[in-house]
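Please read them with the coordinates open.

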Amino acid sequence: MKFQSRILMPWFVGASVLVAAGYAWVGTGTRDSNPVYETLVVERGDIEDTVSALGGLQPREFVDVGTQVSGQLKKVRVAIGETVKQGDLVAEIDPVVFAARVEASKATLRSLRAQQEEKRAQHALATRQYLRNESMFRQNASSRDALETSLAARQVSAAQIATLHAQQEQTSANLKVEEANLSYTRIYSPITGTVVALVARQGQTLNANQQAPVILRVADLDTMTVVTQVSEADVVRLKPGVNAYFSTLGRPERRWTGKVRQVLPTPETINNVVLYNVLFDVENTDRELKMQMSAQVFFVLGQARNALLIPVAALKPQKAPRSRAAAAANDGTETAKPSSAAATEAPRKESYTVRVLVDGQIQVREVAIGIMNRLAAQVLSGLAEGEEVVVDAMPEPKRDRKSATKRTAKL
């Protein structure tokens, strides 16, 4: 009996090892054959298709106020940050020289008028002499030479009156210029706004002969313009009327909105990158927006609220789009026959398919996609809320539920 035990014991141990190895091989093979699917649930949310760019703020309306005459800046009546109204006096140029020129022109004009009165009197005398000589010549009481001399004197006096009249007109025109120059020594604000810059200082001599010197800048800060530089790849998608919004570095939580006003046709090339200036306006009645602020701008090409969303990674382009009836048959739904009036449809966009996990099995469906950005896409048809779409699938051993859950949650 003792000998029998010694013989059976090695066989029992060897059989146990073989059975354990068999269970291990079967278990491992079963796990390796089951794929692990990384899925995301179709949910509702908001989506936007946007073009982003950087921009800067400047007043929509501003004026560089300068002087049209040369002279010393006698008085600056405003300061930076001060609000002025249209027509307010903001600066004065020394008017002494211009006032003297006006008085000289007026004196010249008075002298010409006096000379004209004198010539008119001489003309009247010459006319009477001519008429008397003409009457005497008819009676043979005067010579022809005396008649012709009196006629010439009359014509000369008339020409002198015409000359003095022309000189008066010329002097009057010069007087208007001098009076205008005198008025230009008082500088008024052309618009209502805020003084944002003072270029010239009181007492400075300004020379307007070569260029118009700028004294100050007045800007209307109630409406600001966002000047945004957009790349040539994205500018083709923008046009006037497109909605836009932006935030500033100081207030990233606040959003200002507007609409594209203009896309400037002439680009700028910076570091071999072609950029186009896109402008839009925004109200600034609270004056929170300042000049030269930086803005992170988003142009909204499309948006949807409370839409069905899936990740872009789940979409697969379909080269040959199927008909609407085929798509409905694949989804298990019925599609009403189009009426004769609606028999022709607009061309459909590129079709996509997704893989849907249903009861552990993969179904391939065609879906209609609306708005799409780099991360997500709006589902118009083909999927329902709560369904799981496959983002990725690969055969790998199931370590445990906790590990698989972690991997799915990262997506």
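This is a predicted model: local features need pLDDT of at least 70, side-chain atom pairs count only at pLDDT 80 or more; totals for chains, interfaces and linings use all residues.

1. The side chain of T225 makes a polar contact of 2.8 Å with the side chain of D281. A further polar contact, at 3.5 Å, joins the T225 side chain to that of R261.

2. T225 is found in strand β9. Is T225 buried or exposed? Its relative accessibility is 2%, and T225 therefore counts as buried, the cut-off being under 20%. Leaving aside neighbours within four places in sequence, T225 is in contact with a run of residues from G56 to R60, namely G56, L57, Q58, P59 and R60.

3. Strand β9 (residues 214-231) pairs with β2 in the antiparallel sense, over twelve bridges. Within this pairing, D64 stands opposite R217 of β9. Strand β2 (residues 43-66) is also joined to strand β14 (residues 294-311), again antiparallel, by 13 bridges. Here E43 stands opposite L309 in β14.

4. Next, the aromatic residues. The count of aromatic pairs comes to four. One of them is F246 with W256, a stacked pair with 5.6 Å centre to centre and 15 degrees between the planes. F246 lies in strand β10 (residues 243-248) and W256 in strand β11 (residues 256-263), so the pair ties together parts that are ten residues apart in sequence. F246 and W256 are both buried. Ring pairs link F246 and W256 with F280 and F299 into a cluster.

5. What sits over the ring of Y245? The charged end of R255 does, at 3.7 Å from the ring centre.

6. A separate topic is the open sheet of four strands, with the order β6-β5-β3-β8 and antiparallel pairing. β6 (186-188) and β8 (205-206) stand at its edges with a single partner strand each, so one side of each is left without a neighbour in the sheet. Three bridges pair β6 with strand β5 (residues 89-93) in the antiparallel sense. In that pairing E92 stands opposite R186 of β6.

7. Most residues other than glycine have a negative phi. N271 is not a glycine, yet has a positive phi of about 55 degrees. N271 is placed in the loop between β12 (268-270) and β13 (273-283), and with 70% relative accessibility it counts as exposed. N306, also not a glycine, has a positive phi of about 55 degrees. N306 lies in strand β14, the strand that 13 bridges join to β2.

8. Finally, the overall figures. The protein has six helices and 19 strands. Of its 411 residues, 31% count as buried. Among contacts between residues at least 6 apart in sequence, 76% join residues at least 24 apart. The protein exposes about 26,200 Å², and carbon and sulfur atoms supply 53% of that area.

How values were computed
Residues are numbered from 1 along each chain as its sequence is written. Side-chain values use heavy atoms; hydrogens and water are left out. Two strands pair if DSSP finds at least two bridges between them. Helices (H or I, at least four residues) and strands (E, at least two) are DSSP runs, numbered from the N terminus. Rings of Phe, Tyr and Trp (its six-membered ring) pair if their centres lie within 6.5 Å; planes under 30 degrees apart count as stacked, over 60 as edge-to-face and the rest as tilted. Buried means under 20% relative accessible area, exposed over 50%, partly exposed in between (1.4 Å probe, protein chains only). A charge sits over a ring if NZ of Lys or CZ of Arg is within 6 Å of the ring centre and within 35 degrees of the ring normal. A polar contact is a pair of N or O atoms within 3.5 Å; within protein, one must be able to donate a hydrogen and the other to accept it, and residues adjacent in sequence count only if both atoms are side-chain atoms. Contact means heavy atoms within 4.5 Å. Accessible areas come from the Shrake-Rupley method with a 1.4 Å probe; for residues, only the protein chains shown count as cover.
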